[in-house]
Amino acid sequence: MQLNGSEMVIHALKNEGVKVVFGYPGGAALNIYDEIYKQNYFTHILTRHEQAAVHAADGYARASGEVGVAIVTSGPGFTNAVTGIATAYMDSVPLVIISGQVPTSLIGTDAFQEIDAVGISRPCTKHNYLVKSIEELPRILKEAFYIAKSGRPGPVHIDLPKDISATLGEFNYPSEIKLQTYKPTYKGNARQIKKAAEAIKEAKKPILYLGGGCIASKSADLIKELCTLTQIPAVETLMARGILPSGCPNLLGMVGMHGSYCANMAMSEADLIISLGARFDDRVTGKLSEFAKYAEIIHIDIDPSSISKIVNATYPIVGNVSDVLEELLPLLRECYDTNTTALWRETLARYDKLHPLSFKDSDNILKPQWVLQKLGEILGKNAIISTDVGQHQMWAAQFYPFSFPRQFVTSGGLGTMGFGLPAAMGAKKAYPDKISINISGDGSILMNIQELMTCMVYDIPVINIILNNNYLGMVRQWQTFFYDKRYSQTDLEQQPDFVKLVESFGGFGKVCHTKEEFINALQAAIESKKVALLDVRIDRMENVLPMVPTGGALFNMMLDYKE
């Protein structure tokens with residue numbers, strides 16, 4: 001079949017089952033967009049900024065588990081997209097990003113809107129391509145989707161010169177891909193799995209350490225079975241929230257810098273850490289020399305470069321978490337004795353009772369923790385929660401009662417402000433029957449506020465809940481704790497009228513000062529079926545606690561702040 005390069009892109013997206021594409025056109029991508037105009041295989045969402053296009057594709061991928069797709073043009077179109085690509089790379093999100101490029105004859109001449117997109121994207125993609133001929137384009141398109149979603153997922157970038165997007169060629173789309181230099185290991189080593197099973201049976205203080213790889217590998221049901229069988233307590237990273245549902249008796253909460261006291265103490269005192277799809281990030285370990293000093297480590301991960309990268313593994317197992325658990329569970333069913341860990345569970349219950357995750361509520365001013373709890377009480381399983389980055393993100397992770405994997409969409413590794421609104425748009429396209437909520441701050445929301453227009457044009461009723469403290473809250477908190485209250489460039493006392501702003505885009509807005517106002521405004525926002533923004537005025541000086549200071553040991557938590 002003879003097609004030009006742009007037609008090949010469209011047919012590849014059709015063959016891969018792509019339902020929605022986010023993007024922004026430009027000169028180098030005009031041929032692709034002309035073919036988008038002619039097709040009816042997928043919906044294209046025109047965002048108002050290229051960064052938002054990639055974040056929206058990212059949110060779609062995180063919520064659906066499918067590969068997200070974004071198309072941008074060359075030069076500033078691509079450089080605008082880089083933050084979104086790096087965000088997805090840090091959190092192992094499968095994306096395919098297609099950028100237009102100047103014609104091959106102009107590459108290297110500093111042509112209008114030319115940029116070395118492949119060179120720029122190399123450090124923040126799983127793989128990237130500069131298409132040099134029409135003959136290789138079908139293979140590259142197929143490889144991009146395969147690489148993005150296989151093994152440890154990640155973003156793949158295709159840079160497509162304008163002349164090749166118009167050149168005719170044979171569209172021989174491969175049915176499968178076999179790469180000599182890329183063969184992910186899914187099945188774990190049987191001998192190592194057997195050793196891990198023996199270590200689990202002998203451990204007196206084991207802990208399950210659940211990371212984002214548990215979601216990517218679709219292993220939530222197997223993990224629940226493991227918890228039921230062994231009664232081993234579990235902690236979740238920020239990226240793993242929702243693996244175990246809120247209220248699960250085995251779940252100790254989130255671990256790390258803003259983790260619960262019980263979860264952090266469990267990691268510190270464990271004699272065996274069973275790491276499933278986690279990478280021992282610095283926000284989890286704290287001071288490495290003091291981390292898990294008494295524990296052996298079972299490290300299960302599909303990415304061999306992650307194992308023993310930061311913390312040495314006693315039992316390294318390269319493999320997909322779900323595949324490894326399918327081999328491990330039968331070995332534990334044989335003769336696992338839950339009485340072995342009874343004293344350990346009693347100790348952790350005392351820790352939880354001693355310093356539960358809590359906050360001091362108020363009748364006079366809205367507390368952000370109350371807002372998140374009430375939101376969960378009202379919406380529960382009926383919502384997908386996206387966030388920006390800052391205090392509001394941590395309060396959401398701590399206090400929203402997550403019920404299932406992929407319910408929580410947030411930027412973890414890169415910590416990207418401006419992520420929440422476009423990601424919530426993508427999540428809504430993935431789950432049209434669920435309410436898409438963006439939890440943001442009055443700083444973060446302004447970084448991609450233009451996407452309110454995208455929501456209106458495409459009827460994407462995202463509800464933005466702005467926890468407004470007129471500060472860059474998390475930076476202000478650090479300045480309070482560690483910089484003698486020198487609030488350098490964090491005071492946002494002068495802000496726009498957010499209600500008028502969202503109304504100017506055609507959406508719904510309300511200011512909330514009281515609990516009753518918040519409950520009523522949330523209901524009105526849902527009923528409006530429009531993009532909405534609730535300006536929730538919270539205590540300006542509220543802090544996220546517990547907190548492990550940077551470089552501190554995980555067990556040395558700040559549980560309260562006193563003047």
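The model is a predicted one, in which local features need pLDDT of at least 70 and side-chain atom pairs count only at pLDDT 80 or more, while totals for chains, interfaces and linings use all residues. Residues are numbered from 1 along each chain as its sequence is written, and side-chain values use heavy atoms, with hydrogens and water left out.

Residues 388-536 carry the UniProt annotation "domain: Thiamine pyrophosphate enzyme TPP-binding", from an unreviewed entry. UniProt also lists residues 193-328 as "domain: Thiamine pyrophosphate enzyme central", again in an unreviewed entry. UniProt positions are given in the numbering used here, feature names are shortened, and annotations may be inferred rather than shown by experiment. Residues 193-328 are 34% helix and 20% strand, with end C-alpha atoms 6 Å apart.

Spanning residues 368-379, H15 has 12 residues and reaches 16 Å from its first C-alpha to its last, close to the 16 Å expected at 1.5 Å a residue; the expected span is 1.5 Å times one less than the number of residues. How many of the 12 residues of H15 are buried? Nine of them are, so H15 is largely enclosed by the rest of the structure. Buried means under 20% relative accessible area, exposed means over 50%, and partly exposed lies in between (1.4 Å probe, protein chains only). Among the buried residues of H15 are Trp370, Val371, Leu372 and Lys374. Their cover includes strands E15 (383-387), E17 (435-441), E18 (463-468) and E20 (532-537), together with helices H16 (391-399) and H21 (515-528). Just after H15, Gly380 takes a positive phi of about 50°.

The loop between E18 and H19 holds Asn470. With a relative accessible area of 17%, Asn470 is buried. Which residues does Asn470 touch, leaving aside its neighbours within four places in sequence? Its contacts (heavy atoms within 4.5 Å) are Asp442, Thr490, Asp491, Leu492, Glu493, Gln495 and Arg540. Arg540 also lies over the face of Tyr471, at 4.1 Å from the ring centre. Arg476 lies over the face of Tyr471 too, at 5.8 Å from the ring centre. A charge sits over a ring if NZ of Lys or CZ of Arg is within 6 Å of the ring centre and within 35 degrees of the ring normal.

Aromatic rings come next. A search of the whole structure finds 12 aromatic pairs. Rings of Phe, Tyr and Trp (its six-membered ring) pair if their centres lie within 6.5 Å; planes under 30 degrees apart count as stacked, over 60 as edge-to-face and the rest as tilted. An α-helix has 3.6 residues a turn, so residues three or four places apart point the same way. Trp478 is partly exposed at 21% relative accessibility, and Phe482 is partly exposed at 35%. Phe482 also pairs with Phe481: the ring centres are 5.8 Å apart and the planes stand at 85°, so this pair is edge-to-face. Phe481 itself is buried, at 14%. Elsewhere, Tyr209, Phe280 and Phe291 form one aromatic cluster.

A disulfide is a covalent bond between the sulfur atoms of two cysteines. With the cut-off that the two sulfur atoms be within 2.5 Å, the count comes to zero disulfides. For Cys214, the nearest cysteine sulfur is that of Cys227, 10.0 Å away. Cys214 is buried, with a relative accessible area of 1%, and Cys124 is buried at 10%.

A few backbone details complete the account. Most residues other than glycine have a negative phi, and most peptide bonds are trans. Ser92, not a glycine, has a positive phi of about 55°; Ser92 lies in the loop between helix H4 (76-90) and strand E5 (95-101) and is buried at 17% relative accessibility. Lys529 also has a positive phi of about 55° without being a glycine. Lys529 lies in the loop between H21 and E20 and is exposed, at 62%. In the segment after E20 comes Pro546, and the peptide bond from Leu545 to Pro546 is cis, with omega near 0°.

Definitions and conventions: Helix = DSSP H or I, 4+ residues; strand = E, 2+ residues; numbered from the N terminus.
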